[in-house]
Each structure stands twice: as structure tokens, then as C-alpha cells.
Amino acid sequence: MTTQITYDQAPARVPSVWSALPGFRKSWPGLLAMAILALLCGLPGLNFLFTLDTLLHYIDAVLPPIYGKGFFTDLLHMNYVVNCLIVGILVRNVIGVPKSWEPGLTYSGIFMNVGIIMLGSQYLLSDLVKLGAVSVVIMIFMVFGGALIFTYMGRWLKMGDSMTALLAAGFSMCGVSACIAISPMVRAKSEEVAYAIAVSVTFGFFCLFALPFLGHLIHMTNDAFGLFSAAGVPNSNQVIATGFNYSFEAGRVAGFTNIGRLVLIPAGVLFIYFMTLGKEIRSSSVSYWQIIREKFPIFIIGFAIVWTLNCLKVWPLPASEAMGRVMEWFFSLSFIGLGLLTKLSDLKKAGAKGVVVGYVAGSLRLGLCLLLLYIATKMGVLN
Amino acid sequence: MADVTNKSLDQSSEDLKKVEAAADEKQRRHRVDEYIAMIIALGAVAILWCLQYLGFY
């Protein structure tokens, strides 16, 4: 007896991971736009004449100083990070972005990951000794403590389990990615996902400009500020931008300590899942191993390879410096992309209740983070 | 009444499927972004390392 296999019986083909990436033909306009805008803003180390950075330095040199400082470079701290972000945001929200740019702009996440991997060339074993323990402790407190703050606040305001879980994931871990990752597990509605993403992105946008000012105001050290931005800002891209907005050293520390938070994503997702959902939903079949496997950020292996090679002094210092420069170019591209993807209309989408819960709980997290950093500094484990 | 309840259940299960599909798509994109980033970054590090030995800086 022979069995006939019909098309209905054949197992559905699982799409390849590579099919998720838009091809070069679709992406080149957006990629070219990012490269041109980044060049016009002024890439670190490339001294072109007609860039925004050169223009701002020229204006500062021509205008009389304010309290002995240049207005743009010293008082407003306009550096390549702020220039790229502001130009990107202005182009998106004032001029508008053509549809043909959109696929290419999604590559900004790749450039950010490239920058983070290359950040490994700027660290030595002494950095891990200096920052490793304190950053791990602070990250654990912030991921799990932050999730608790959101959970209790959500329950107190009767916000609903799925919305609470989405906001807790978005703010305690990796913003947009964490919101989307947890959405099917908590059976969130599509409008709830959009709402939570809007709240976390707009809060991160606010942090991007407000935290460096706060840091300068209270004279935070580079190490403390790097940790502060990694622990307090929701989205990874915004973490790196906030750190580099303060100083190169703070950006370096932010990138390094943010890796601790990325590693904690699978554990954090499961923690929020258990904290926010009722017994009846929790009893549904969720494979914990699958969650850990799917949510673990693989690109960290790349960072570990580059960092290990740098610790072993496989390449000499000039090569390490060149890698640092190229890393900044990749970050510039991703900051331009981040700006071009920031829609100010999302602020409206966030709505009143989401803004209240997200911003109040997000600010509480920032306060908790400052307290932890203060304790760490007093204990002498942080500069 | 029963029709209305069934219709709303259908709608919510449709929406759940949409959310699951979006999460799957995002997860796949996230992974491919990580692979591409590793290829570009490790390639760039290897090129800069070689350029140093060729005496470019």
C-alpha cells in the first residue's frame, strides 16, 4: 500500500532567517542617505570643511563666549552624537523621509551592533576588574527591580496584565525588542504593543538629551554616567547615544555595561512573565529553553572575541586606535538612522495613561539607579 | 448574544495571531542583524589589523 502525500499534508516550510533582511536593491537609497547625512554632520577624525560640526565650531569662535565658554560646543554639548540625532530627527519630522529610504534605515540596528562588537577593541582586562562586579550588581537590581516597580505600579493603577508586562519589559530591558519579544507570551493586543513601544521610545528620547545635562549638573564621573545611562535608558541604541553624548569615555562604559543587561534579557523576560500573569495564563505551554535560546543576544560572542584578542595584545595600539575610530563611524551611521526613525507623532500615540505610568515608573528607576550609584561611590567600588 | 461573543473571540484570536507573526518576524530580523553585524565587525577588525602590518599607520 502506498501513501500519497498531498500538498496539504506536507509540512509548512520554515522561512530562512536571511529572508527577514531587505535586499541591497531595496536598501541602498536609505543606506546612501545615512552615509551622506553622517558625513555632513562631521565624522570623528575626518576634518572636512563643509560639515555641521565645523560650522558650529566656527560660530563659537566668532561669537563672544558666554561665561568663557562656546555656546554650541561647551554649553549645549553639541558633538557628533547630538548633531547626527538632531539632523536625523529634523529630516524625518520637518522635511519627511521618502518611502524608498525606509528599508535601508532599518540597517541602523546592524551598525549599532557592529559598533558594540568593535567596542571590544577599546577594553582591557583591567576594565572588567574595575567595572565588572559593580555593573553586574547594578544591572541585576535595575532589570529585576525595575520590573517589580512596573508590576506593582501597573497593578495599583489596574492597567491590565499584558500592558503591565509590556511596559515592564520595555523599560527594564531592551525597549522595543523586549516589548515585541514578550508580546505573544502575555497575549498582548497589537494596539497595546504599539502603545508600550511608543512610551518606551519617547521616554528614551527624553533621556537622551536630559540625562547628559543632569550628569553635567551633578558632576558625574564618566564611569558613573556610563552605568547610569546603561541602567536607566530603555533602548540599547539610546543607551549608547546617551553615553557618547556625555563623553567618549562614558559611551565606552555605557556600551560595556549594557552588555550585562543584554545577557539578562532571557531571565528578565521569564521574570516579568511570572510576575505579571495570573495562574490560568501561566499554565499555557511556554518552553523556557526556547525562550532562553531565542532571546540570547548572539552578537555578544563577537564582542567577546574582539575583547579577548585585545586583552591578549594580538594587535598593537595604533590598530586598536583605528578600530576605535571606525567604531565611532559605525555609531554615527546608527545615530543618524536612529534620528531618521524617530517620529515625534509617537508622543501623541503614547497617550495620557501610558505616559503617566511609563514616565513616573521610568523616573523612579532612574532615581533608584542614582541611589545605587551613590552607594557604590560611597563604598569606594566606583569612581 | 452568542454570535456577538463568538465574533469578538474570533477577532481577539486573529489579533493574537497577528502579534505572534509580528514577534516571529522581529525575532528573525533580530537574529539576521546579529549575524550580519558579526560578519561586518570581525571583517573590519581583521582588515584594520592587516593594514597595520602593511604599514598604513
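**Reading a buried helix and its surroundings**

Reader: Which are the buried residues of α6(A)?

Author: They are A:Ser108, A:Gly109, A:Ile110, A:Phe111, A:Met112, A:Asn113, A:Val114, A:Gly115, A:Ile116, A:Ile117 and A:Met118. A residue is buried if 20 or more other C-beta atoms lie within 10 Å of its own, exposed if 12 or fewer, and partly exposed in between, with C-beta atoms placed from the backbone. Helix α6 (residues 108–118) of chain A is mostly covered, with 11 of its 11 residues buried. Helices (H or I, at least four residues) and strands (E, at least two) are DSSP runs, numbered from the N terminus.

The numbering of residues starts from 1 along each chain as its sequence is written, while chains are lettered from A and ligands numbered from 1 in the order in which they are written. The model is predicted: local features need pLDDT of at least 70, side-chain atom pairs count only at pLDDT 80 or more, and totals for chains, interfaces and linings use all residues.

Reader: What pLDDT does chain A average?

Author: pLDDT is the predictor's confidence in each residue, from 0 to 100. Chain A averages 82, and 92% of its residues score at least 70.

Reader: Which residues touch the most other members of the largest nonpolar core?

Author: A nonpolar core is a set of buried Ala, Val, Leu, Ile, Met, Phe, Trp, Tyr and Cys residues joined through C-beta atoms within 7 Å. Here the largest one has 125 residues, and those touching the most other members are A:Ile117, A:Met118, A:Leu166, A:Ala169, A:Cys179 and A:Ile182. The most residues in this core, 13, come from α18(A).

Reader: Which residues is A:Ile117 in contact with, leaving aside its neighbours within four places in sequence?

Author: Two residues are in contact if their C-beta atoms, placed from the backbone, lie within 7 Å. For A:Ile117 the list includes A:Phe299, A:Phe303 and A:Val306, and also B:Ala37, B:Met38 and B:Ala41 of chain B.

Reader: How many residues of chain B are in contact with chain A?

Author: 29 residues of chain B are in contact with 35 residues of chain A. Chain B has one helix and zero strands, and 19% of its 57 residues are buried.

Reader: Where is A:His219 placed?

Author: A:His219 is in the loop between α10 (190–217) and α11 (222–232) of chain A. Its phi is near 50°, a positive value in a residue other than glycine. A:His219 counts as exposed because 8 other C-beta atoms are within 10 Å.
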